[in-house]
Amino acid sequence: MTTKTSWCSLLRPSLQRRTEKLKYQTQRWIPLQTCSLFFKELEKRRRVEDAYKSAMNELKKKSHYGGPDYEEGPNSLINEDEFFDAVEAALDRQDKIEEQSEKVRIPRLTPVPPGDVYSSIGTHRFAAKPHSHSSSLSSVELVSASDDIHRFSTQVEEMVQNHMTYSLQDVGGDANWQLVIEEGEMKVYRREVEENGIVLDPLKATHAVKGVTGHELCHYFWDTAVRMDWETTIENFNVVETLSDNAVIVYQTHKRVWPASQRDVLYLSAIRKILATNENDPDTWLVCNFSVDHDNALPTNRCVRAKINVAMICQTLVSPPEGDKEISRDNILCKITYVANVNPGGWAPATVLRAVAKREYPKFLKRFTSFVQEKTAGKPILF
């Protein structure tokens, strides 16, 4: 018994080692590197799941924002920071869409029709064309405002005189005006004004553009036929009434930027040439747009009706070419003064309105002036 027991005790360690060896051989061992990749995959999966949960939670929140309580209004539940972030995100998306459109857009340089007649007056050329609010206008045709008679004539003349008197004044040294943007030749000023909680900040921008005239800039700013080629904020528009060859009433709706309400505007747009009183000063071209009422475009509940008083004022400076060479586009420079007084109506926060204005006005000026340079390239100069 003792001998048998001792033999068993001797054999047990050997059997145990063989059993452990067999167990070791049948197990699937994972190398250290593979183990590390495994844990990385686990961590990646965890992050994806967390991101999914976060996205679902945000989606649930936004479903609540679909109601009127989470849009612009007197009792809106969305706070100012959320409102600002939402508007900024919407504008960023619009910018990306515009950038993609610009990449695929083919420049449309309209050729001069063969029926155009050009007559030389000194060193300048003037295009003589039939009267039409959607065609180029001759400088001679717009010298006298007495030819532009309609029921709003008195209001137009008052607006023109006010802009010529006050809008061209330098505000650079005025403490009431803040310089909010300066990019090259462009400067944008703002004067902060609020009335009954509504931001009414007057805005003034100055710019200088080479290769185009004041007549050309004002023509394209006023011409409704090309409005949608450069104005990216408009959803749709139509000419409500043509008052004369030089004045129209326009109704337009602007693209909505959630959570702000959609805006529309009804305004009279008139174009003028103002002859200089001093021979050393340049003539001035001006387009003034100001709000009016019209029975064919009454306010609706779908949009907040904004009120505007806007002017594009342009003066052409010519650098005489050498010798007897004809004036080319390399010899011309247009000084631009753009003023805007806008009452947006509604209940959008002041910080949001000011941030949007600071962002959008410089973009508008650069986009519009580039458009005019593109449209006039290679064409006879329209002084």
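## Reading a predicted model, feature by feature

Visitor: Which helix holds both K363 and E360, and how far apart are they along it?

Guide: Both lie in helix α7 (residues 350–376), three residues apart, which is about one turn of the helix. Helices here are DSSP runs of H or I with at least four residues, strands are runs of E with at least two, and both are numbered from the N terminus. Please keep in mind that this is a predicted model: local features need pLDDT of at least 70, side-chain atom pairs count only at pLDDT 80 or more, and totals for chains, interfaces and linings use all residues. Residues are numbered from 1 along each chain as its sequence is written, while side-chain values use heavy atoms, with hydrogens and water left out.

Visitor: Thanks! How do I read a salt bridge, and how far apart are the closest N and O atoms of K363 and E360?

Guide: Side chains of opposite charge can pair when their charged atoms come close. The cut-off used here is a side-chain nitrogen of Lys or Arg within 4 Å of a carboxyl oxygen of Asp or Glu. K363 and E360 form such a bridge, with their closest N and O atoms 3.4 Å apart. E360 has a relative accessible area of 18%, so it counts as buried. That word means under 20% relative accessible area, with exposed over 50% and partly exposed in between (1.4 Å probe, protein chains only).

Visitor: How many salt bridges does a search of the whole structure find?

Guide: The search finds 17. One of them joins E43 to R47, at 3.6 Å between the closest N and O atoms. These two are four residues apart in helix α2, so about one helical turn separates E43 from R47. E43 is partly exposed, at 32% relative accessible area, and R47 is partly exposed too, at 48%.

Visitor: What about D264 and R305: buried or exposed?

Guide: D264 is buried, with a relative accessible area of 1%, and R305 also counts as buried, at 15%. Their side chains meet in a salt bridge of 2.9 Å, N to O. Since D264 lies in strand β10 and R305 in strand β12 (residues 304–305), the pair ties together parts that are 41 residues apart in sequence. Look also for the network of salt bridges that links R190, E192, E194, D201 and R354.

Visitor: How can I check the length of a helix?

Guide: Compare the end-to-end distance with an expected span, which is 1.5 Å times one less than the number of residues. Just after α7, G378 takes a positive phi of about 80°. Helix α4 (residues 153–167) has 15 residues and should span 21 Å; its ends are 20 Å apart, again in agreement.

Visitor: Which residues of α4 are buried?

Guide: They are S153, V156, V160, H163 and S167. These cover an arc of only 110° around the axis, so they sit on the same side of α4. The arc is that of the directions from the helix axis to the C-beta atoms. On the other side of α4, T154 and Y166 are exposed. The cover over the buried residues includes β7 (203–210), β10 (263–274), β11 (284–291), β13 (307–318) and β14 (332–343).

Visitor: Where is S269, and what is it in contact with?

Guide: S269 sits in strand β10, buried at 1% relative accessible area. Contact means heavy atoms within 4.5 Å. Beyond neighbours within four places in sequence, S269 contacts W222, N246, A247, V248, V287, C288 and N289. Now try L217 in helix α5 (residues 214–222), which is buried at 0%. Leaving out residues up to four places away, L217 touches V212, C314, C334, I336, F368, T369 and V372. L217 and I336 are 119 residues apart in sequence, yet 8.9 Å apart in space, C-alpha to C-alpha.

Visitor: And what does the whole protein look like in numbers?

Guide: There are seven helices and 14 strands, and buried residues make up 40% of the 383 residues. Of the contacts between residues at least 6 apart in sequence, 66% join residues at least 24 apart.
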